[in-house]
Amino acid sequence: MIPSRAARPLHLRLKHAALAAAFGAALVAAPAASHAQAAPTGPIEITTGTSPGGTPDVLMRRAAKILNEQKIIANPLVVQNRTGGSWMVAANFVMAKKGDRNIVLCIAQPILTTPITQGLPTLYDKLTPISMFIQGDLVLVVQPDSPVKDLKQLIALAGQRERSVKVAGAQSGSTDHMVSGLVEKAGKVKLNYVPFDGGGAAQAAFLGGNVDLMTLTPSEALPLVKGGKARILAILSTERSPAPELKDIPTAKEQGYDIVWGQAWGLAGPPGLDAETVKFWDDAIAKLVANPEWQASLKENFLRSRMVPAAEVKPYMQKLHDEHLALLRDLGLAKQPAVQ
Amino acid sequence: MDALASLAQGFSVAMTPTNLLFVLIGVTLGQLIGALPGIGPSAGMALLLPVTFGLEPVTALVMLSGIMYGGMYGGTLTSVLVNVPGEAASVMTAVDGNQLARQGRAGQALAAAAIGSFLAGIGAVTALVFLTPALSAFALGFSSPEYFLLALLGITATASLGTGSAVKAMIGATLGLMIALVGTDPIQGTSRLTFGSLELLEGVDFLPVAIGVFGIAEILVSMEQTQASAAVRTRLRDMWLTRKDWVECRMAMLRGGVIGFVIGLMPGAGPTVAALLAYVVEKKASPHPEKFGHGALDGVAAAESANNSAAHGAMVPMLALGIPGSASTAVLLAALVLLGIRPGPMLLTEQADLVWGLIASMFIGNVILLIMNLPLAPLFASVLRIPYSYLVPGILIVSLVGAYAISLSLFNVGLTLFFGMVGYLMIRADIPRAPLVLAVVLAPLMESSLRQSLMLSEGSPAIFVQRPLSAVLALLVIGSLALPLFNFMLARRAARRAGVAEALSHSSD
Amino acid sequence: MKVTNLVTAVLLLALSVLVLLGTWELPYWADFAPGSAFAAFWVALVGLVLALALLVSTLADDGREPHGFPDRRGVARVAALTAGLWLMVLLIPLLGFMTAAIAFSLFLLLGIERRPLVPSLFTTAVVSGLVYGVFIAWLGIALPAGPFGL
């Protein structure tokens with residue numbers, strides 16, 4: 001029932017042996033095991049690879065708070081920041097806890113991209129998929145006094161002279177960098193992408209008027225637009241956002257450029273996580289996604305919560321991975337030889 | 001008058017019993033967290049973030065920011081008393097503060113740091129009250145070219161930072177530069193000198209270097225002698241600042257406070273850079289630069305004033321623009337988001353009560369911290385009356401737990417020990433450690449901002465003199481390089497005229 | 001000081017060569033700006049120059065400054081402490097942080113410092129109580145736990 005038991009440390013093995021015995025008994029008594037018994041015992045760690053305050057960290061803390069407060073999950077949920085190695089330290093920590101029911105990993109883009117850019121074995125297909133349940137849009141912004149009014153004019157401007165349009169963004173290989181690559185590809189132009197030490201520093205460079213273009217999330221962009229410090233050119237989703245503040249912003253697709261990119265976050269378990277626990281999480285996240293407080297809190301930040309359940313998450317991640325791989329290869333950043 | 005009316009409004013928010021209580025809680029926690037090595041204010045704020053759920057936004061924010069600047073006061077304690085930097089920005093305090101403690105002047109060092117932090121903090125909040133919108137524009141005037149020149153200004157000072165030969169000081173700095181090279185190159189994404197280690201992919205954390213090179217190394221040296229267990233014998237009443245001390249420190253506090261605040265404003269540099277540069281400047285301005293590294297009270301005062309005013313200065317881009325200027329303000333922004341408030345340029349007008357309540361609370365918090373630190377400085381210093389060998393296990397274990405807490409991995413614990421050994425060998429080889437620390441902090445800033453600048457200018461180096469702020473900084477860099485040379489030539493000419501050239505060649509050994 | 005200086009110079013020389021070789025394959029220049037190897041190249045070069053400068057000045061200097069080395073017992077104590085620290089780090093995954101730290105503290109106080117038993121036990125208790133109270137109970141940091149759950 002619980003695979004690869006020998007690989008775990010002694011104290012866990014003992015705990016789980018007791019648990020397994022209890023389970024066995026329960027299964028005999030009631031063959032159609034009810035979900036209540038599937039809950040792991042003790043506190044559960046949600047591992048993230050960002051330092052405190054990063055978007056995934058904030059999202060996981062908020063999810064944990066609602067899951068606990070609404071008694072969807074009775075086990076205390078603890079968010080731990082295991083930073084380093086562009087999420088690889090966090091991922092490897094969880095990878096080593098085979099079958100451990102008391103730990104899950106927050107899935108964010110670096111889980112896909114770091115193995116690609118560093119030439120490491122893929123991770124997304126080795127972890128036990130649980131669910132992706134938070135999605136975010138991205139927008140392209142220009143300086144408020146920029147002559148560029150839409151994407152077409154931007155591409156035209158960039159086409160006049162190679163690398164004349166300056167783009168600020170986070171480190172090489174980040175979301176910002178990939179979006180810049182997509183714009184280059186869609187418009188067949190070359191941009192001058194300048195990587196800064198994180199999104200905050202890039203925003204400062206943009207607000208100081210040092211660059212022309214930048215990728216932001218709607219919750220970052222809208223206050224700037226309101227303060228007259230930026231203008232949104234396009235939203236990079238497949239269709240317009242229904243939010244009242246965003247519904248007038250045209251998508252890049254509408255403007256004739258196939259630039260669709262977004263952010264997604266979710267959870268995955270360590271390799272070999274048993275089906276009961278996956279089901280436990282699947283149910284919990286379904287309840288979380290249906291929770292009005294959770295939906296409201298995401299809406300405030302222009303994020304969406306649509307659940308990709310455990311059953312469908314595998315092909316979903318596969319598709320995401322292939323998109324990232326293709327794009328990073330175009331940017332010349334992929335060290336990973338092929339799709340594994 | 002507008003600002004004063006808003007401030008009065010802010011005080012009425014901050015003075016409610018609940019908010020006062022949470023300012024008190026925040027600064028007390030900050031003091032404690034700052035004193036713990038490894039866990040800096042930003043990590044402490046993040047760990048205590050869940051506590052703020054369910055509080056009013058203002059209440060949560062005054063508490064969290066209390067931790068932020070309280071940490072700047074607290075970091076001094078461990079730096080001075082046991083030579084382990086309590087947080088990154090207190091690293092220069094460890095250099096001189098601990099030397100003072102060995103001379104039985106720990107109380108003075110702590111008092112000077114507390115007064116300096118307080119004055120700089122109050123000055124910074126006052127600037128915040130009146131100048132936030134103007135300052136935010138100024139902060140945005142700083143970008144990569146300015147950061148490069150600023151870092152260059154700091155790096156060129158390393159040769160003078162040692163206490164012995166200039167070559168050895170530069171060797172120390174070069175070792176720091178080598179450490180800073182390790183990790184993923186932020187611009188091109190290639191991994192450099194990581195030798196296949198995943199843990200090194202994001203580079204070497206600053207704290208393991210600082211804790212190892214100062215704290216652990218010092219303990220290793222102390223182990224050489226069995227007699228090291230003798231406690232520093234001082235009486236409580238010898239631990240107050242004298243009038244002479246005050247005169248020595250007051251200009252250092254002013255300079256440190258101003259430098260710290262200006263650097264704190266910039267979104268690309270934080271309190272650590274501020275403290276380093278203030279220390280370097282103070283060494284040049286001080287009437288007794290030879291004392292630096294051997295226990296200069298004004299060095300401690302400058303560095304501590306700078307890090308506290310930088311922590312306050314970082315609030316300017318955060319409140320006015322929604323940009324995090326430091327790791328701590330990033331957590332504050334996250335807290336705002338979690339509380340359902342969207343940060344950005346409109347925060348000042350849309351959430352006036354929150355912003356002004358927060359600013360007013362910083363006046364109150366700084367006063368509480370002064371009251372907490374000043375009378376207690378001699379008391380804290382009396383920790384040193386415990387025989388040293390009984391302090392050693394505590395220092396080592398708490399340092400290593402702190403190193404573990406940085407990223408929850410044993411790798412950083414090992415790294416701390418490794419740098420402890422490096423620091424020990426440096427002491428034995430007579431290589432000063434301050435330049436190493438300075439280089440580790442400034443090198444990444446210098447390298448990436450140089451490359452960003454040239455990318456922004458499409459390869460033209462003119463960007464370093466075309467912008468008004470960078471032109472000023474470029475002049476400063478040239479001046480700081482040319483001045484010693486000029487002085488040297490003047491001295492030589494004077495010496496030749498006096499015909500005592502031999503005497504000079506002896507004294508310059 | 002002479003021997004220490006020579007050792008320092010050789011070590012720095014080796015480190016500089018390591019940095020140079022370790023970044024040899026990386027690009028020196030990229031488009032408009034320096035590439036990944038630029039800083040590394042110059043740092044290594046400065047390292048080489050400084051190492052040679054130290055080497056030459058040390059060899060040229062015939063002043064006989066006394067060595068700043070500790071005596072044999074001092075070296076033994078430093079080595080014992082270093083070994084104890086590394087042993088503690090290696091034992092943490094097996095014993096847990098708290099247990100390893102307690103063992104280390106007792107080793108240091110009783111084994112190396114040869115302090116009396118009672119104050120040593122007291123110090124260890126205070127330190128471990130502090131670590132538990134502040135880091136584990138209050139801040140909730142997940143220190144590695146051992147078989148005793150701590």
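Trainee: How many residue pairs are in polar contact across the interface of domain 1 of chain B and domain 2 of chain B?
Mentor: Four residue pairs, both residues at pLDDT 80 or more. Keep in mind that this is a predicted model.

Trainee: Which elements on the domain 1 side give two or more residues to that contact?
Mentor: They are α7 (144-156) and α21 (463-466) of chain B. The largest share comes from α7(B), with seven residues.

Trainee: Where are the domain bounds in chain B?
Mentor: The assignment gives 2-466 for domain 1 and 467-509 for domain 2. Their centres, taken over C-alpha atoms, are 32 Å apart.

Trainee: How much area is buried between them?
Mentor: About 1100 Å², with 71% from carbon and sulfur atoms. On the domain 1 side, Glu146(B), Leu149(B) and Leu153(B) lose the most area, together 39% of what that side buries.

Trainee: How many salt bridges are there between those two domains?
Mentor: One. Arg467(B) and Glu146(B) join their side chains in a salt bridge, 2.8 Å from N to O. Glu146(B) is also one of the three residues that lose the most area on the domain 1 side.

Trainee: Switching to chain A. What does the domain assignment give there?
Mentor: Domain 1 covers 5-136 + 263-330, and domain 2 covers 139-235. The contact takes nine residues from domain 1 and eleven residues from domain 2.

Trainee: What area do they bury?
Mentor: About 820 Å² between them, 70% of it on carbon and sulfur atoms.

Trainee: Which side chains meet in a salt bridge in chain A?
Mentor: Lys185(A) and Asp330(A), at 3.0 Å, N to O. The count between the two domains of chain A is one salt bridge. For polar contacts, the count is two residue pairs, both at pLDDT 80 or more.

Trainee: Which elements give two or more residues on the domain 1 side there?
Mentor: α4 (109-118) and α11 (310-330) of chain A. The largest share, four residues, comes from α11(A). By class, that side divides into three nonpolar, five polar and one charged.

How values were computed. Residues numbered from 1 in each chain as written. Chains lettered and ligands numbered in written order. Heavy atoms only, no water. Domains from an automatic or database assignment. Contact = heavy atoms within 4.5 Å. Buried area = accessible area lost by both parts, 1.4 Å probe. Salt bridge = Lys/Arg side-chain N within 4 Å of Asp/Glu carboxyl O. Polar contact = N/O pair within 3.5 Å; in protein donor to acceptor, adjacent residues only side chain to side chain. Nonpolar A, V, L, I, M, F, W, Y, C, P; charged D, E, K, R; others polar.
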